[in-house]
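Here is a short briefing to read alongside the model. Have the sequence and the 3D view open as you go.

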Amino acid sequence: MDALKFTLAILAIAGCWRPFSWTSLIKHTLYNAYSLLIISLLYSYTLTQFMNFVLNVNNPDDFTNVVYLMLTLFSSCYKILDLWVNHKSLAELIQNLTEGTFKPLVPVEIEIRRKFDKVIQNNAMCYAMLVAVSCAFQILVSLLTNFRKRQLTFGGWIPYDYSSFVMFSLTYAHQIVGGVASCIINVACDCLIVGLLLHLCCQITILESRLKGIIYGHYTLSDCVRHHHHIIEYAYATNAKFTKIIAFQFVASTFIMCSNLYQLSRNKFNANFIGLISYTSCVLAEIFIYCWFGNKLKLMSFQLVDNIFETEWIALDNKTKRSLLIIMNRAMRPIEFTHTAHILNMNLDSFVALLKTSYSAYNLLVKIQE
């Protein structure tokens, strides 16, 4: 049974993930060349935005016009580099979802897995469509306005003369392709993190089913204890892999939301205003899905205590009851993903805190401008 099939397809398109089926040397070489092309386009585009920020930003208006795009590109650069460097360990992490205690054994467990796979795919598709629509709108508006006027979609530090039509077209295409690559990479990495969170929720649901099966002799309690221990270990390992990415994304999203609020408060209602709203919606959706599904995992892991208590535990022997108490005692400490040096947890409270911080920073920018 394949895990995260749709998400891995997006990762492959983004240049972050060579498909498992591509085992030949030729396919390895071709995909590595494709990945290097994506990385080169993305990093070169990011460099032009960073140099523009260093050389040309002198006031809050310039700052907000540049920082949101630059931070988005920085986030994409960090994500693709992290996924590329840690490809082997992440592949093992995903492979573990189909092996050992995590492998569904009976029709009930297979059906639970199928439902969660469907949820993961639907969430990834909806999120990808939201970003794709926003990106397509931005490109369409740019083609109808900027391209006709021989203006780049975004300002940047361009170290050569692009006044000729050919050079302008190449530079314009470089920005468009770099922006699209950034969007795909962000979507791919976000869907991977959310997919792993939901797979942990899936395993908790399967564990609850197995605990209910103890009374009928379908499973032994030692298998359930081992399964619960593996879920906790897997959660810690997954959190360790993505802590830095999540922390960087939270910091970047705070500044992006701040700059977008500032721009929205000063721009007139036009096509660029709508594009900015759609971009802001994507940033909100990005950080919201992190917090929503992180919160869902926390609640489901904590709910395990009540679900164990609702089983027919009275019919079990005293040794089994004591073992169940051990599981319940451990489940009293819910599984939580953390970020920002393990200080903040990835839940809805963190989402609210991010919005408050962004608004506070926005007020500070307004006072500076006044």
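Buried means under 20% relative accessible area, exposed means over 50%, and partly exposed lies in between (1.4 Å probe, protein chains only). By that definition Leu11 is buried, because its relative accessible area is 0%. This is a predicted model, in which local features need pLDDT of at least 70 and side-chain atom pairs count only at pLDDT 80 or more, while totals for chains, interfaces and linings use all residues. Residues are numbered from 1 along each chain as its sequence is written, and side-chain values use heavy atoms, leaving out hydrogens and water.

**Around Leu11**
- Leu11 sits in helix 1 (residues 5-13); helices here are DSSP runs of H or I with at least four residues, numbered from the N terminus.
- Its C-alpha atom is 8.0 Å from that of Ile184, which lies 173 residues away along the chain.
- Beyond its neighbours within four places in sequence, Leu11 is in contact (heavy atoms within 4.5 Å) with residues including Trp17, Tyr31, Leu83 and Leu192.

**Around Ser182**
- Ser182 belongs to helix 6 (residues 165-213).
- Ser182 counts as buried because its relative accessibility is 2%.
- Not counting residues up to four places away in sequence, Ser182 touches Leu42, Thr72, Leu73 and Ser76.

**The nonpolar core**
- A nonpolar core is a set of buried Ala, Val, Leu, Ile, Met, Phe, Trp, Tyr and Cys residues joined through side-chain atoms within 4.5 Å.
- The largest one has 90 residues, of which Leu211, Phe242 and Tyr290 touch the most other members.
- Helix 6 supplies the largest share of this core, 19 residues.

Conventions. Helix = DSSP H or I, 4+ residues; strand = E, 2+ residues; numbered from the N terminus.
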